Amino acid sequence: GPLRCDKINPTTGKPCISTFSRPYDLTRHNNTIHNSQKQRPRCKLCTKEKTFSRQDALMRHYRQHH
């Protein structure tokens with residue numbers, strides 16, 4: 001069955017409701033979303049502070065917006 005994240009969402013303070021079909025995806029989610037000590041990649045070209053949970057999301061942002 002699906003794997004459910006049981007951590008607290010750092011943005012809302014409520015339980016996270018994300019579900020995943022593969023254990024790897026749940027592990028990646030926990031390491032990127034719920035790891036408060038990890039440095040988040042930041043767009044240096046945006047005027048507002050814009051950060052991303054993963055490097056691939058930042059690269060997608062660069063391709064689509066800059």
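This is a predicted model: local features need pLDDT of at least 70, side-chain atom pairs count only at pLDDT 80 or more; totals for chains, interfaces and linings use all residues.

I begin with the cysteines. How many disulfides does the structure hold? The number is zero. The cysteine sulfur closest to that of C16 belongs to C5, and at 3.8 Å it is too far for a bond, because a disulfide requires the two sulfur atoms to lie within 2.5 Å. C16 itself is buried, its relative accessible area being 9%. C43 is likewise in no disulfide; its nearest cysteine sulfur, in C46, is 3.5 Å away. C43 is buried, at 0% relative accessibility.

I turn now to α1, which spans 23–33. Which residues of α1 are buried? They are D25, L26, H29 and T32. These residues lie on the same side of α1, because the arc they cover around the axis is only 140 degrees. As a general point, an α-helix has 3.6 residues a turn, so residues three or four places apart point the same way. Among the elements covering the buried residues of α1 are β1 (3–4) and β2 (19–20). On the face turned away from that buried side, the exposed residues P23 and Y24 are found.

Lastly, I consider T51, which sits in the loop between α1 and α2 (55–65). T51 is partly exposed, with 33% relative accessibility. Leaving aside residues up to four places away in sequence, T51 touches R40, P41 and R42. With R40, the contact includes a polar one between the two side chains, at 3.4 Å. T51 and H61, 10 residues apart in sequence, are separated by 10 Å from C-alpha to C-alpha.

Technical notes:
Residues are numbered from 1 along each chain as its sequence is written. Side-chain values use heavy atoms; hydrogens and water are left out. Helices (H or I, at least four residues) and strands (E, at least two) are DSSP runs, numbered from the N terminus. Buried means under 20% relative accessible area, exposed over 50%, partly exposed in between (1.4 Å probe, protein chains only). Contact means heavy atoms within 4.5 Å. A polar contact is a pair of N or O atoms within 3.5 Å; within protein, one must be able to donate a hydrogen and the other to accept it, and residues adjacent in sequence count only if both atoms are side-chain atoms. The arc is that of the directions from the helix axis to the C-beta atoms.
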